[in-house]
Amino acid sequence: MLKSRFSGLLFQLIALALSFGVVSLILISIDASPSEAFRNMFKGSFGEMRKFAEVLVAFVPLLLVTAGLLVTFSAGLWNIGVEGQVVLGAIATTWVYRYFLESDLPPALIITLAILGGMIGGAIWAAFTGILKVFGGVNEIFGGLGLNFVATALTIYLIFGPWKRPGVASMSGTIPFPDEFSLPLIENLRISPWALGIALIAIIIVFFLLQGTYFGLKLKAVGKNFRAAYLLGIPTWQYSMYSFLICGALAGLAGAMQVAAVYHRLIPSISSGYGYLGLMVAMLINYQAIWAIPVALFFAALNIGSIQLPIVMKLDSSLSGVLQGVLVLFALLVEGARQKFIKKGQNT
Amino acid sequence: MNVELKNINKHFGKVHANKDITLNIPSGTIQGILGENGAGKSTLMKILSGFIQADSGSQIILDGKSVVMNSPADAIQYGIGMLHQDPLDFPPMKILDNFLLGIPGSFFPNRKEATQDFNLLAKEYGFSLDPENYVDSLTVGERQQLEIMRLLFLGVRVFILDEPTTGISAAQKEKLFTTLKKFPEQAMTVIFVSHKLEDVESLCDRVAVLRAGQLVGTLNPPYQTKKIVEMMFGKEITLGERKPANVGEPVLSFDNISLEDARLRIKNINLEVREHEVIGLAGMEGSGQDLFMRACAGLVRPVGGKIQLKGQDLSGKSYHAFKQVGVNFLPAARLEEGLIPGLSLTDHFILAEQPRGIFIDRIAGQRLAEERIQSFNIRGTPLSPIESLSGGNQQRAELALLQNPLSLILLEHPTRGLDIESVIYIWSKLKERCHHGTSIIFISSDLEEILQYSDRVLVFFSGKVSQPLDANKTSVEELGQLIGGKGWAEIGDTHA
């Protein structure tokens with residue numbers, strides 16, 4: 001047991017080394033210095049407080065999405081629709097804010113309602129995927145992907161239609177909300193300690209949900225063997241639905257954070273691809289909640305660090321995406337290789 | 001084509017599925033292969049058709065030449081084709097497209113030419129198939145015909161047929177046999193695998209009987225059914241001591257139940273199972289006993305009739321409703337249906353207790369697991385992932401999942417593949433349950449096990465169900481005949 005855990009860690013480190021190696025080769029092939037690029041990425045993310053705060057801004061939605069995906073993955077579901085669920089969370093939050101724009105209610109209450117609204121919005125969007133899956137027999141990957149496109153289209157429609165800025169609608173989004181609608185930020189930085197706290201609490205709750213509750217155990221049973229779980233007396237399709245709802249709520253929460261703490265309005269690319277990035281994090285940590293925090297932080301750092309690249313080195317910032325993708329591929333690859341080793345060891 | 005199998009051995013892990021089988025099948029014969037489930041028939045046929053490879057030292061000799069086949073495509077190259085029990089075709093495609101599949105070297109098939117070939121071949125064998133029709137509109141028998149034509153077109157000279165008469169009509173069977181009887185004239189060889197004694201007797205020129213992986217012997221016509229059954233199931237009938245069950249109140253009653261699936265239809269079953277009673281279900285795999293058992297569990301809804309459990313009418317109710325009344329079902333496919341790979345023994349025991357509440361009581365779970373592991377003699381720790389246990393231990397774990405108390409336990413092959421000690425142990429555990437009033441219904445392909453442990457036996461054959469037979473007054477031989485479809489007139493089935 002211990003041995004296999006140790007070898008697991010060792011292989012993951014090999015995967016990490018391999019992916020840095022591949023990215024270095026790419027950089028060398030275009031006559032750029034890998035060491036300089038990596039140094040710049042590190043400086044761009046951890047170099048100064050302001051930049052580290054930016055990393056945390058990216059970390060919050062990424063961690064929330066990952067937390068949600070851990071639930072659906074445990075239930076054996078590929079919730080690709082998480083991206084759209086983030087978007088719907090943002091839309092619902094914006095809707096609640098707009099609804100209370102003229103009200104005299106205390107801002108703290110409005111913010112709370114807006115965030116709850118975002119969670120409900122995300123959950124409803126996830127429920128669509130779940131209903132399509134459970135009652136319509138539509139694979140959640142296709143259902144979710146389709147709904148992602150609908151969600152994006154809906155954002156654009158709202159920004160250029162009913163919620164457009166007075167005068168000319170623009171890609172810069174809806175008109176920003178008043179300052180008191182924002183979650184409190186740390187002075188001179190863009191990070192809200194509230195958002196950070198909510199994200200950390202969410203992942204801790206998910207961790208205990210999966211580790212310590214009957215709910216989590218049943219969810220895992222459904223995910224690992226649907227048929228046997230049914231025969232054991234677990235209401236299987238209901239558990240599939242619950243997992244969609246929980247994941248949708250957490251994704252919606254991520255969307256709410258984007259509106260309430262970062263952009264203070266609805267913008268076209270409000271989810272910034274955190275849904276898809278969260279899928280990569282969840283795969284990379286092999287669906288173990290305990291690794292979510294460090295890996296999500298690492299991915300957020302890569303994202304922010306690479307912003308530096310076009311300015312300093314005339315490299316495209318998508319380099320971070322390349323590194324993230326390659327890393328996930330290698331992690332899956334070495335895990336497959338490791339399983340083969342273990343099997344071989346058992347046979348002889 | 002002359003087929004010679006020489007010293008065929010095949011191990012699956014520790015299981016020796018084929019033991020040194022040597023069999024010569026002369027060109028132009030129809031060779032029957034008989035044997036009960038697990039006797040090694042399928043393994044041998046899969047080796048001959050290239051699906052799996054035999055252990056080293058085994059030899060396949062075709063017309064005097066030793067060959068090595070690494071895939072079914074290789075086998076077809078050598079002229080060996082297999083007709084599977086479930087036709088390996090593509091239902092949403094056209095018949096002609098299916099026909100064209102697998103024809104080597106034609107990237108752009110000539111459909112016109114193929115249609116002509118198809119019609120010619122169909123005419124020769126008297127099949128009436130429209131090449132432009134879709135496969136999913138065909139019956140199982142017609143799909144067989146299509147498959148036979150495809151193999152013929154590929155130049156197959158040795159036909160292996162695996163249980164081809166299951167699920168087809170009498171007329172289609174007649175046609176199939178007529179077709180097969182034409183093959184030897186063209187020096188083709190037919191290998192006919194079946195458990196239906198009548199079919200084998202009426203069709204085959206020679207019969208080889210396998211038992212427990214070994215070739216027990218070959219027979220030539222005229223066949224004596226008694227002799228064949230003896231060879232298939234073994235002579236020695238060792239009945240242990242059995243106490244007649246002290247039956248109590250009715251637990252399960254079937255009132256004119258009719259069941260249906262894609263292959264079979266079972267009509268009007270009437271049965272009453274009482275407390276303390278053990279009912280054994282005998283029959284070759286797929287004869288309807290699995291359907292019957294799933295109906296008892298509430299997993300299959302009868303198309304007609306009434307099911308009562310402990311006096312409650314459960315007709316049309318869900319599996320969960322059956323479970324509530326105390327029915328537990330242990331499926332044969334342990335890792336597919338019974339257990340959850342990736343979860344530990346403790347996790348399984350916790351889940352099987354139908355826990356309520358929010359937080360898992362790990363300490364109680366651990367204690368429960370330790371207790372069950374000890375009392376069921378499972379070799380493993382509470383944290384062992386279920387898939388890391390050996391088959392026998394997985395089986396014990398499944399039994400340990402049974403809730404207590406229960407009114408009815410349904411078991412599919414409860415002791416298949418287990419050593420004799422485990423078998424005795426498992427049955428002692430089950431008998432203990434019976435003693436406390438639980439009824440058991442179990443499926444087994446081991447007739448001795450059925451006679452040894454059941455009070456009454458139901459025999460299934462192609463959707464027919466026998467009257468309950470008193471296990472004390474039945475012999476392995478009689479059961480063997482019934483399973484093979486003989487002697488039904490004397491005992492009468494439930495339709496009568």
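User: In which sense do strand S4 (residues 59-62) of chain B and S5(B) pair, and over how many bridges?

Analyst: The pairing of S4(B) with S5(B) is antiparallel and comprises three bridges. Please keep in mind that this is a predicted model. Within this pair of strands, B:Ile61 has B:Ser66 of S5(B) opposite to it.

User: What is the strand order of the open sheet of four strands in chain B?

Analyst: The order reads S2-S1-S4-S5 in chain B, and the pairing is antiparallel. The edges are taken by strand S2 (15-25) and strand S5 (65-67) of chain B; each has a single partner strand, so one side of each lacks a neighbour in the sheet. With direction ignored, neighbouring strands of this sheet are turned by 25° against each other on average.

User: Which strands does helix H1 (residues 41-48) of chain B touch where it packs on the sheet?

Analyst: H1 of chain B touches strand S1 (3-12), S2 and S4 of chain B. The direction of this helix makes about 115° with that of S1(B).

User: How many strands form the open sheet with mixed pairing in chain B, and in what order?

Analyst: Six strands form this open sheet, and they follow the order S6-S7-S8-S3-S9-S10 in chain B. Strand S6 (80-83) and strand S10 (214-219) of chain B stand at the edges; each has a single partner strand, so one side of each is without a neighbour in the sheet.

User: In which sense does S3(B) pair with strand S8 (residues 189-193) of chain B, and how does S3(B) run with strand S9 (residues 206-211) of chain B?

Analyst: S3(B) and S8 of chain B pair in the parallel sense over four bridges; in this pairing B:Ile30 stands opposite B:Val190. S3(B) and S9 of chain B also run parallel, joined by four bridges, and B:Gln31 has B:Arg206 as its bridge partner in S9(B).

User: What do S11(B) and S12(B) form, and how many residues lie between them?

Analyst: They form a hairpin with four residues between the strands. Strand S11 (residues 250-260) of chain B and strand S12 (residues 265-274) of chain B pair in the antiparallel sense over seven bridges, and the partner of B:Leu252 in S12(B) is B:Val273. S11(B) also pairs with strand S14 (residues 304-309) of chain B, in the antiparallel sense over five bridges. In that pairing the bridge partner of B:Asp255 is B:Lys306.

User: Where is B:His276 placed, and is B:His276 buried or partly exposed?

Analyst: B:His276 is in the loop between S12 and strand S13 (278-282) of chain B. Its relative accessible area is 24%, and B:His276 is therefore partly exposed. Between B:His276 and B:Gly248 there are 6.7 Å in space, C-alpha to C-alpha, although the two are 28 residues apart in sequence.

User: Why does B:Gln403 count as buried?

Analyst: The cut-off for a buried residue is a relative accessible area under 20%. B:Gln403 has 18% relative accessibility and therefore counts as buried. B:Gln403 lies in the loop between helix H14 (391-400) and strand S17 (408-412) of chain B. Leaving aside neighbours within four places in sequence, the residues in contact with B:Gln403 are B:Lys323, B:Asn328, B:Ala352, B:Gln354 and B:Arg433.

User: Turning to chain A, at what angle do helix H8 (residues 214-224) and helix H10 (residues 236-263) cross?

Analyst: In general, two packed helices are described by the angle between their axes and the distance between the axes. The axes of H8 and H10 of chain A come within 10 Å and cross at roughly 110°. H8(A) and H10(A) are therefore roughly perpendicular to each other, and their crossing is left-handed. On H8(A) the contact is made by A:Phe215, A:Lys218, A:Leu219 and A:Val222, and on H10(A) by A:Thr236, A:Tyr239, A:Ser240, A:Tyr242, A:Ser243 and A:Ile246. By class, this contact has six nonpolar, three polar and one charged residues.

Note on methods
Residues are numbered from 1 along each chain as its sequence is written. Chains are lettered from A and ligands numbered from 1 in the order in which they are written. This is a predicted model: local features need pLDDT of at least 70, side-chain atom pairs count only at pLDDT 80 or more; totals for chains, interfaces and linings use all residues. Side-chain values use heavy atoms; hydrogens and water are left out. Axes are lines fitted to C-alpha atoms, for helices over the stretch in contact, and angles run from 0 to 180 degrees between N-to-C directions. Helices (H or I, at least four residues) and strands (E, at least two) are DSSP runs, numbered from the N terminus. Angles under 35 degrees count as roughly parallel, over 145 as roughly antiparallel, 65 to 115 as roughly perpendicular and the rest as oblique. A crossing is left-handed if the near helix is turned anticlockwise from the far one by less than a right angle, and right-handed if clockwise. Contact means heavy atoms within 4.5 Å. Ala, Val, Leu, Ile, Met, Phe, Trp, Tyr, Cys and Pro count as nonpolar, Asp, Glu, Lys and Arg as charged, and the others, Gly among them, as polar. Two strands pair if DSSP finds at least two bridges between them. Buried means under 20% relative accessible area, exposed over 50%, partly exposed in between (1.4 Å probe, protein chains only).
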